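Reader: Could we go through this one together? I'd like to begin with a single residue and then move on to the whole chain.
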Amino acid sequence: MRKIGILTGGGDCPGLNAVIRGVVEKCAQAGIEVFGFHDGWRGALTARGHWLTLDEVEGIQTLGGTIIGSSRTNVMADPNGPSTIKDVLDALGLEGLVAIGGDDTLGVANALRKLDINVIGVPKTIDNDLSCTDYTFGFETASNIAMEAIDRLQTTAKAHSRCIVVECMGRHTGWIALQAGLAANAHLVLIPEFPKTYDEIISLVRRRFLRGDRYTIIVVAEGFELLGAEDIDIGTDAFGNKLLLHKNLARNLSDMIERSMQSDPLLGSDAQYFECRPVVLGHVQRGGAPCAFDRVLGTRLGIKAGELVVNGDYGKMVAQVGTKVVGADMETAVTVRKEVDREFYEAASLYFK
Ligand code: F6P
């Protein structure tokens, strides 16, 4: 009897359960059993998990989160990590492993691949920043959640003639901020790929105020860099990623804008009442049920990963390219980041006014 393992690592993401279901279903067709490791690489290091049945995965593509749990445990942080994984796979009789994750989780999968461990990667991240795939599931759901939030913030900002600074996830790239901001008519979107100075930001708020548009919605991706600002130590996770929520980006920007506007003598006496509010969307963007696109993309990627297992075609990452789901190069996927390009950002900038 052939057997494989599966795990979900890193930040959870709507669509993970669809992938698990696809892998289990496709493997079951070929008589392959699937062991679901609990809590990502943490479970794979300690042999913690359970055998997944068709009954258990029935209909789970509708659910957010992941039925096998996730963590940010880094196998490579311990020199014995890779050999421990190998021992666990051997002890359970697993011929290989399907790792569903973003750049960190797939970075580990890629390192294990180079050590001759059979792995298949499935790209996952709401940030949409993995290359070799047009989209990562979770991004569409997260962008829609952010868009709906910004739609709501528009009306309250307008009612109070306020500036609202909305912080979206996106530690290296601004895909969610730009997608949601453009869709919901934000007046400015700030993303890591295109750093700006404070002067560029405040001049837009002033311009709007002076022409009678007294409210402003600014969407900022958490990894945005304010040119000239001091870099503060905010701590890192097990993979060395900065803990960006600790940076209080939205709050700091919001405070700076409020202070500048209230003390600007050229804006007239009304400006002393100008207020600014920060809103951090945070993990709301990752929670809840996946949208149709993510359910279907997750399902297709899961089935493809299952197909690669059935064929013993290890060492690849499954990906969406155009309308097709294919096996792609894992090395490129984890070493080259997919960023928002200048053309897209400049097109969106037409509406930054
Ligand atoms: O990896 C995706 C992501 O959602 C990032 O956008 C964000 O910075 C990070 O996860 C937050 O991670 P955690 O859930 O560990 O706080």
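Reader: Is cysteine 132 buried, partly exposed or exposed?
Author: Cysteine 132 counts as partly exposed because its relative accessibility is 28%, where buried means under 20% relative accessible area, exposed over 50% and partly exposed in between, with a 1.4 Å probe and protein chains only. Please keep in mind that this is a predicted model, in which local features need pLDDT of at least 70, side-chain atom pairs count only at pLDDT 80 or more, and totals for chains, interfaces and linings use all residues. Residues are numbered from 1 along each chain as its sequence is written, and side-chain values use heavy atoms, with hydrogens and water left out.

Reader: Where does cysteine 132 lie?
Author: Cysteine 132 is in the loop between β5 (119-123) and α6 (139-160), the elements being DSSP runs numbered from the N terminus (helices H or I, at least four residues; strands E, at least two). Although cysteine 132 is not a glycine, it has a positive phi of about 75°.

Reader: And what about the phi of aspartate 39?
Author: Aspartate 39, also not a glycine, has a positive phi of about 60°, and its place is in the loop between β2 (33-37) and α2 (41-46).

Reader: Switching to the whole chain, how many helices and strands are there?
Author: The protein chain has 12 helices and 13 strands, and 52% of its 353 residues count as buried.

Reader: What box do the C-alpha atoms fill?
Author: Taken along the principal axes, the box is roughly 80 × 40 × 30 Å.
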